[in-house]
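Subject: Structure handover

Hello,

Here is the structure I said I would pass on. My notes on it follow below.

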Amino acid sequence: MIPAIETAGATLALVAVAAYLLGSVPFGLVIARLFGLGDIRQIGSGNIGATNVLRTGNKLAAFLTLILDAGKGGIAVLLARALFADDAAQIAGFMAFLGHCFPVFLGFKGGKGVATFLGTLLALFWPAGIAACLTWLITAAISRISSLSALVAAVLTPVWMTLLGMPEASIVTVALAALILVRHQKNIERIRDGSEPRIGK
């Protein structure tokens with residue numbers, strides 16, 4: 001279902017740019033440097049997300065990265081909704097996510113977006129956000145594979161949106177899920193050949 005367009009086009013464009021710039025802030029890189037952990041892009045997988053920050057062994061730095069990465073998606077949605085309407089909120093969430101994955105400040109080489117994805121969902125429609133988080137947790141408990149958990153949660157999110165009462169957000173969540181799949185192509189290959197690392201190893 002297509003969401004109702006309530007906000008002027010020029011305003012939506014400004015919301016999109018602002019949300020993208022917010023999403024582009026590389027909190028993993030910033031936190032790692034503040035904690036004296038070095039350039040996170042030169043550690044582990046080279047990803048700027050919380051999972052790679054955790055590979056440094058600093059759990060607090062990883063936790064802060066997780067919260068901040070989720071928060072930038074959530075804040076973008078909440079601000080856009082408070083100032084304008086749900087159409088602006090959906091665009092803000094998508095653009096913040098896009099900014100995290102392809103940040104202008106890092107030459108468009110960003111994270112995989114799982115934390116920002118979940119933060120966006122929780123702010124956009126919390127019942128579906130909770131469902132997505134539970135999907136991640138249940139899949140992780142069964143498979144012990146973080147990337148697989150993210151993929152399952154992403155693919156099922158449009159279903160949760162529709163079943164739980166916000167079908168007008170199904171298009172944006174399909175777009176978010178598609179980007180999650182794109183960002184996890186190497187993980188998907190490793191899952192297929194059985195070489196994807198399991199949680200705790």
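At what angle do helix 6 and helix 9 pack, and how many Å apart are their axes? Please bear in mind that the model is predicted. Helix 9 covers residues 170-183, and its axis lies 11 Å from that of helix 6, at an angle of about 170°. An angle over 145 degrees counts as roughly antiparallel, and helix 6 and helix 9 are therefore roughly antiparallel to each other. On the helix 6 side the contact involves V114, F117, T120, L121 and L124, and these meet V172, T173, L176, A177 and I180 of helix 9. By type, the residues of this contact are eight nonpolar and two polar, with no charged ones.

Helix 6 and helix 5

Helix 6 (residues 114-124) also packs with helix 5 (residues 86-101): the two axes come within 9 Å and cross at roughly 170°. Helix 5 and helix 6 are therefore roughly antiparallel as well. Helix 5 contributes A89, Q90, G93, A96, F97 and H100 to the contact, while helix 6 contributes T116, F117, T120 and L124. Here the residues divide into five nonpolar and five polar, again with no charged ones.

Two residues from these helices are worth looking up. A89 sits in helix 5 and is buried, because its relative accessible area is 0%, under the 20% cut-off. Leaving out residues up to four places away in sequence, A89 touches V77, A80, R81 and L124. A89 and R55 are 34 residues apart in sequence, and their C-alpha atoms are 33 Å apart in space. A123 belongs to helix 6 and is also buried, with a relative accessible area of 12%. With residues up to four places away in sequence again not counted, A123 touches G74, V77, L78 and R81. Between the C-alpha atoms of A123 and M161 there are 13 Å, with 38 residues separating the two along the chain.

Helix 4

Does the length of helix 4 agree or disagree with its number of residues? Helix 4 has 25 residues (59-83), which at 1.5 Å a residue should span 36 Å; the C-alpha atoms at its ends are 35 Å apart, so the two agree. Helix 4 does bend, by about 25°, at G71. Its buried residues are A61, A62, T65, D69, K72, G73, G74, A76, V77 and A80. Among the elements that cover them are helix 1 (9-23), helix 2 (27-34), helix 3 (50-54), helix 5 and helix 6.

Helix 8

Helix 8 (residues 146-164) can be checked in the same way. Its 19 residues should span 27 Å at 1.5 Å a residue, and the end C-alpha atoms are 25 Å apart, which agrees. Where in helix 8 is the kink? The kink, of about 40°, is at T157, shortly before the proline P158. Buried residues in helix 8 are S147, S149, A150, L151, A153, A154, T157, P158 and M161. They pack against helix 6, helix 7 (126-143), helix 9 and helix 10. After helix 8 comes G165, with a positive phi near 115°.

N187 and helix 10

N187 is part of helix 10 (residues 185-193). Is N187 buried or exposed? N187 is buried, since its relative accessible area is 5%. Apart from neighbours within four places in sequence, N187 is in contact with K112, S147 and E196.

Two loop residues

Two further residues have a positive phi without being glycine. F108, in the loop between helix 5 and helix 6, has a phi of about 65°. With a relative accessibility of 48%, F108 counts as partly exposed. R144, in the loop between helix 7 and helix 8, has a phi near 60°. R144 is partly exposed too, at a relative accessible area of 40%.

Regards

How values were computed: Residues are numbered from 1 along each chain as its sequence is written. This is a predicted model: local features need pLDDT of at least 70, side-chain atom pairs count only at pLDDT 80 or more; totals for chains, interfaces and linings use all residues. Side-chain values use heavy atoms; hydrogens and water are left out. Axes are lines fitted to C-alpha atoms, for helices over the stretch in contact, and angles run from 0 to 180 degrees between N-to-C directions. Helices (H or I, at least four residues) and strands (E, at least two) are DSSP runs, numbered from the N terminus. Angles under 35 degrees count as roughly parallel, over 145 as roughly antiparallel, 65 to 115 as roughly perpendicular and the rest as oblique. Contact means heavy atoms within 4.5 Å. Ala, Val, Leu, Ile, Met, Phe, Trp, Tyr, Cys and Pro count as nonpolar, Asp, Glu, Lys and Arg as charged, and the others, Gly among them, as polar. The expected span of a helix is 1.5 Å times one less than its number of residues. The bend at a residue is the angle between axes fitted to the seven residues ending there and the seven starting there. Buried means under 20% relative accessible area, exposed over 50%, partly exposed in between (1.4 Å probe, protein chains only).
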